Amino acid sequence: MLKFALLFSLVAWNSIGSLSGLQSVCLLEDPINQCGNFCMTSLAPMLNHIRQHQDAWAANDHLIKKTEERLNRIEGLLTALKYLRQKGPEDTWPQDFKARLDRLETQQGDLLKKLDKFDRKIVPPKFELIGSRFFYIEGETRKNWSAAANTCRQMGAQLAVIRNEEEWKALKAKLPRNLIYWLDLNDLETEGEFKSSATGKLAPFFKWRAGQPNNSNGSQHCVDILDGLMYDNKCESLSYFICQSDDGSLN
C-alpha cells in the first residue's frame with residue numbers, strides 16, 4: 001500500500017506542478033489589453049494544447065481512481081486474512097485459505113503493475129473520446145487492411161478492437177451508415193480464431209451479422225464493421241478504418 005500511495009502522490013504532484021507552471025505564465029484579468037497581441041499569440045499553442053488534451057487527462061484520472069478503489073478493497077481483504085492467519089495455527093485455517101491469500105496478493109501485484117503504466121500519455125491529434133477510450137475514425141481515405149493498420153501505427157495508435165457491448169454502442173452511434181471500416185481483427189494465423197494483430201490476443205467481443213463469418217471462397221480473413229455489424233472480408237479490399245489511441249494493455 002505504501003508503494004501505491006507514493007506512486008499516486010507522484011502522479012498528483014506532477015499534475016499540480018503542471019498547473020502551477022501554467023499559472024505563472026501570465027496571470028491577467030484582461031489579457032488582450034494588458035498583454036497585447038504578442039502575448040496572446042505566444043500563449044495560443046499552449047492553450048490549444050490544453051484544450052485538446054484535457055479530456056485525455058480526465059479519462060486517465062478516472063482509470064487511476066478505479067484502480068485505486070480496487071487496490072483499497074484488496075488491501076482490506078489481505079489485512080483481514082493475514083490477521084486470521086496470525087490468530088490460529090496453520091492446521092486450523094480453512095482449506096482454501098492460503099490459495100485465496102496467494103490469489104489476492106497476485107491481484108494486488110497486477111494492479112500495481114497496471115498503475116505503473118499510467119504515464120498520462122498524450123492522445124494523438126484528431127482522436128475523440130468515444131465511450132471511455134479515444135478513437136480516430138477515418139472517413140475520407142479507403143485503404144486495405146494492412147495499410148490501414150500501418151497508418152494507425154504511424155499515428156502512435158493501432159486499429160481498433162471493440163471491448164464490449166457498451167463500447168460497441170458508443171462507436172456505432174458515431175459511424176455513418178453504409179460505410180465499411182476495418183477493425184484490428186483477423187484469422188490469418190488460424191481459421192476461425194480471430195485475434196488482434198497488435199497484441200496477439202483473442203478478440204474480447206463480436207457483433208457478427210447473421211451468417212458471418214463465412215470465409216467466402218476461402219479468402220476472407222480480416223474483420224470490418226458495417227452499420228454496426230461485423231463481417232469477415234478480403235484483407236486486400238479497400239475500406240475506411242478506426243484507430244484506438246491505447247494499446248489495450250489497461251483493459
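The model is a predicted one, in which local features need pLDDT of at least 70 and side-chain atom pairs count only at pLDDT 80 or more, while totals for chains, interfaces and linings use all residues. Residues are numbered from 1 along each chain as its sequence is written, and side-chain values use heavy atoms, with hydrogens and water left out.

With a disulfide taken as a pair of cysteine sulfur atoms within 2.5 Å, the count comes to two. One of them joins Cys152 to Cys243, with an S to S distance of 2.0 Å. This pair links distant parts of the chain, 91 residues apart: Cys152 sits in helix α4 (residues 145-154) and Cys243 in strand β7 (residues 239-244). Helices (H or I, at least four residues) and strands (E, at least two) are DSSP runs, numbered from the N terminus. The link of Cys152 and Cys243 is left-handed, with -75° about the S-S bond. Both Cys152 and Cys243 are buried, where buried means under 20% relative accessible area, exposed over 50%, and partly exposed in between (1.4 Å probe, protein chains only).

A disulfide also joins Cys222 to Cys235, with 1.9 Å from S to S. Here Cys222 belongs to strand β5 (residues 222-226) and Cys235 to the loop between β6 (229-233) and β7, so that distant parts of the chain, 13 residues apart, are linked. The torsion about the S-S bond of Cys222 and Cys235 is about 95°, and the disulfide is therefore right-handed. Cys222 and Cys235 are both buried.

At the start of α4, a side-chain oxygen of Asn144 reaches to within 3.2 Å of the backbone nitrogen of Ser146. Just after the helix, Gly156 takes a positive phi of about 80°.

Turning to charged side chains, a salt bridge is a side-chain nitrogen of Lys or Arg within 4 Å of a carboxyl oxygen of Asp or Glu. The count by this rule comes to eight salt bridges. Among them is that of Lys174 with Glu128, whose closest N and O atoms are 3.3 Å apart. The pair links distant parts of the chain, Lys174 in helix α5 (residues 165-174) and Glu128 in strand β1 (residues 128-130), 46 residues apart. Lys174 counts as partly exposed, at 44% relative accessibility, and Glu128 is partly exposed at 31%.

Asp246 forms a salt bridge with Arg133, the closest N and O atoms lying 3.1 Å apart. Asp246 is in the segment after β7 and Arg133 in strand β2 (residues 133-143), so this pair links distant parts of the chain that are 113 residues apart. At 5% relative accessibility, Arg133 counts as buried. In the salt bridge of Arg177 with Asp227, the closest N and O atoms are 3.7 Å apart. Arg177 lies in the loop between α5 and β4 (180-186) and Asp227 in the loop between β5 and β6, so the pair ties together parts that are 50 residues apart in sequence. Arg177 is exposed, with a relative accessible area of 61%, whereas Asp227 counts as partly exposed at 26% relative accessibility. Salt bridges that share partners also join Arg133, Arg163, Glu167 and Asp246 into one network.

The aromatic side chains complete the picture. Rings of Phe, Tyr and Trp (its six-membered ring) pair if their centres lie within 6.5 Å, with planes under 30 degrees apart counted as stacked, over 60 as edge-to-face and the rest as tilted. By this rule there are five aromatic pairs. One of these is the tilted pair of Phe127 and Tyr136, at 5.8 Å centre to centre with 40° between the planes. Phe127 is buried, with a relative accessible area of 10%, and Tyr136 counts as buried at 12% relative accessibility. Ring pairs also link Phe194, Phe206 and Trp208 into a cluster.

Terms used:
A polar contact is a pair of N or O atoms within 3.5 Å; within protein, one must be able to donate a hydrogen and the other to accept it, and residues adjacent in sequence count only if both atoms are side-chain atoms.
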